Structure formats: C-alpha cells, structure tokens
Amino acid sequence: SVAHNFATDFTIKTDESEIKLHLLKENFKDSLSADFFKICHMWKNEFSYIENGQLIFRATFAKPDTDYQFAILYSINDKADFKILKVEDESYDGSEYE
C-alpha cells in the first residue's frame, strides 16, 4: 500500500490582497499527541464548510494501513491567521456493529 504526507497550498484572495499559504503536517504538530504525530500521515486537507462567514477546513491524519485517524478542523482568515478549532477522533473500532 501507499501512504503520503501531502502539502496543501491555499490562495486567499480579497479585494485588497492575495495571500498564499503552504501547509504541511508540521503545521498541525501541536494538535496531535507526540506518539501519533510520529506515525501518522496527512492524507487529506480540504475546504469543509462555511460557518458564520468563516471558512472551515478539515485536515485528516491517519496511521497508514489502519483505521486510526484524527481530523483537525481549522480556519484561515484573510490575514493568513491559522486557527485550530477542533480535533476529532475518527478512528474506527467496529463497536457500532457489535
């Protein structure tokens, strides 16, 4: 199987400026446990939804070849401020089918 650590490039355009951001796994290091951070890969990072006029993005981190994963919801404003909103455990343990 193949696992990746993607980089995500965002361009935010306003009437006054254009901001370019390059996000890597390391940008989220403080939001994940040190043990999980060592073994995980960022395999998805994309726009998710708009809430109260704020753009919300979701980055997904997973241990390759397992169901062990976390999603980090974050926002980026027009001044390139990057803010973590929530970390969600999306690991699948199969218990809902027992």
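## Close-up views of the predicted model

The model shown is predicted. Under the ring-centre cut-off of 6.5 Å, the count comes to 10 aromatic pairs. One of these pairs joins Phe 47 and Phe 57 in an edge-to-face arrangement, with 5.9 Å from centre to centre and 80° between the planes. The angle exceeds the limit of 60 degrees, and therefore the pair is classed as edge-to-face. Phe 47 belongs to strand S3 and Phe 57 to strand S4; the two residues are 10 apart, and the pair links distant parts of the chain.

**The rings of Tyr 74 and Phe 82 form a tilted pair.** Their centres lie 5.0 Å apart, and the planes meet at 45°, so the pair is described as tilted. Tyr 74 is buried, its relative accessible area being 0%. Phe 82 is partly exposed, with a value of 30%. Both residues belong to one aromatic cluster, together with Phe 10, Phe 28, Phe 47, Phe 57 and Phe 61.

**The open sheet has 4 strands in the order S3-S4-S5-S6.** The pairing throughout this sheet is antiparallel. Strand S3 (41-51) and strand S6 (82-89) stand at the edges; each has a single partner strand, so one side of each is left without a neighbour in the sheet. From one strand to the next, the twist averages 25°. In a regular strand, side chains alternate between the two faces of the sheet.

**Strands S3 and S4 are paired over 9 bridges.** S4 spans residues 54-62 and runs in the antiparallel sense relative to S3. Within this pairing, Met 42 stands opposite Phe 61 in S4.

**Strands S5 and S6 form a hairpin with 5 residues between the strands.** S5 comprises residues 69-76 and is joined to S6 by 7 bridges, the two strands running antiparallel. Ile 72 has Val 87 in S6 as its bridge partner. In this hairpin, Ala 80 takes a positive phi near 70°.

**The largest nonpolar core contains 18 residues.** Those with the most contacts inside this core are Phe 10, Phe 28, Leu 32, Phe 61, Tyr 74 and Ile 76. Two or more residues are given to the core by each of strand S1 (8-13), strand S2 (18-23), helix H1 (34-39), S4 and S5. S5 gives the most, with 4 residues.

**The charged end of Lys 25 sits over the ring of Phe 37.** The distance from this charged end to the ring centre is 4.6 Å.

**The whole protein sets these views in context, with 1 helix and 6 strands.** Along the sequence, the elements follow the pattern β-β-α-β-β-β-β. The protein has 98 residues, of which 30% count as buried. Among contacts between residues at least 6 apart in sequence, 34% join residues at least 24 apart.

Conventions: Residues are numbered from 1 along each chain as its sequence is written. Side-chain values use heavy atoms; hydrogens and water are left out. Two strands pair if DSSP finds at least two bridges between them. Axes are lines fitted to C-alpha atoms, for helices over the stretch in contact, and angles run from 0 to 180 degrees between N-to-C directions. A nonpolar core is a set of buried Ala, Val, Leu, Ile, Met, Phe, Trp, Tyr and Cys residues joined through side-chain atoms within 4.5 Å. Buried means under 20% relative accessible area, exposed over 50%, partly exposed in between (1.4 Å probe, protein chains only). Rings of Phe, Tyr and Trp (its six-membered ring) pair if their centres lie within 6.5 Å; planes under 30 degrees apart count as stacked, over 60 as edge-to-face and the rest as tilted. A charge sits over a ring if NZ of Lys or CZ of Arg is within 6 Å of the ring centre and within 35 degrees of the ring normal. Contact means heavy atoms within 4.5 Å.
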